[in-house]
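Dear colleague,

I am sending you the structure below for your records. Please find my findings after it.

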Amino acid sequence: MSDPTTPEGRAELRRLLGSGFTDQPWAIWHDLDHQGFKTIGDEAGVLSDGKPFTEECNPFAHVYTDDLADLIVAAVTALPALLDALDQADAELAGYRAEEQRVRAWNALVNEGNVRCTDCGLRYAEREEYSCGDERHQGVHYYDPEELVEARRRALEGEP
Ligand SMILES: [Zn+2]
C-alpha cells in the first residue's frame with residue numbers, strides 16, 4: 001500500500017493513476033451494465049441516457065453499490081489535488097525545519113558563549129579578549145567542558 005505521507009508513496013500513487021487510465025476525471029457511466037453492475041470510467045465516456053451498454057464499452061470498474069461508485073469516482077478525481085497539496089505542505093515543512101535548525105545552531109553558539117570561567121567568571125565568548133583574572137592559572141581561563149557541551153546540547157535539542 002502506498003503511503004501518501006512520503007514522496008515515494010505519492011510517486012507510486014501518481015504512477016498508478018497514470019497507468020492505463022485517462023487524464024480526464026473519472027465518472028459514473030450509467031446505472032447498470034449488462035451484468036447488473038454500476039460502471040465507472042473516464043468522464044468523456046459517460047453514456048447518454050438511453051444508450052445501451054455494449055461490449056465496446058470499456059469501463060475502468062464495475063461496482064456493486066451506488067455508494068461505492070460515488071466514493072471511487074470522488075477519491076480518484078480528488079487524488080491529484082491531494083497529492084499536490086501534500087507535496088506543497090512537505091516543502092513548506094522542510095523550510096520551517098531548516099529555519100528551526102538555523103535558530104537552534106545560533107542559540108547553541110550563544111548558550112556556549114554565556115558559560116562562565118570557573119575562576120574569574122568571564123563569558124566563554126570573551127575568553128580570547130581578556131586573560132583570566134585568577135593568577136593561579138597564568139591568565140588562562142577554565143571552562144567546565146561538561147557545562148559547554150550541555151549548553152550546546154540544550155539549544156540544539158530546543159530546550160529552554
Ligand atoms: Zn578566567
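The notes that follow cover a sheet, the helix on it and a pair of helices.

Please bear in mind that this is a predicted model.

The sheet is open and has 3 strands in the order 1-2-3, with antiparallel pairing. Its edges are formed by strand 1 (26–28) and strand 3 (61–63), each of which pairs on one side only. On average, neighbouring strands of this sheet are turned by 30° against each other, direction ignored. Strand 2 (residues 38–42) runs antiparallel to strand 3 and is joined to strand 3 by 3 bridges. Within these two strands, Lys 38 stands opposite Val 63 of strand 3.

Helix 2 (residues 66–113) packs on the sheet and touches strand 1, strand 2 and strand 3. The direction of helix 2 makes about 165° with that of strand 1.

Helix 2 also packs against helix 3 (residues 145–156), at an angle of about 155° and with the axes 7 Å apart. Angles over 145 degrees count as roughly antiparallel, and helix 2 and helix 3 are therefore roughly antiparallel to each other. Their crossing is right-handed.

As for the residues in this contact, helix 2 contributes Gln 101, Arg 104, Ala 105, Asn 107, Ala 108, Leu 109, Asn 111 and Glu 112. These meet Leu 148, Ala 151, Arg 152, Arg 154, Ala 155 and Leu 156 in helix 3. The residues of the contact of helix 2 with helix 3 comprise 7 nonpolar, 3 polar and 4 charged ones.

With kind regards

Notes. Residues numbered from 1 in each chain as written. Predicted model: local features only at pLDDT ≥ 70, side-chain atom pairs only at ≥ 80, totals over all residues. Heavy atoms only, no water. Pairing = 2+ DSSP bridges. Helix = DSSP H or I, 4+ residues; strand = E, 2+ residues; numbered from the N terminus. Axes fitted to C-alpha atoms, helices over the stretch in contact; angles between N-to-C directions. Contact = heavy atoms within 4.5 Å. Parallel < 35°, antiparallel > 145°, perpendicular 65-115°, else oblique. Left-handed = near helix turned anticlockwise from the far one by under 90°. Nonpolar A, V, L, I, M, F, W, Y, C, P; charged D, E, K, R; others polar.
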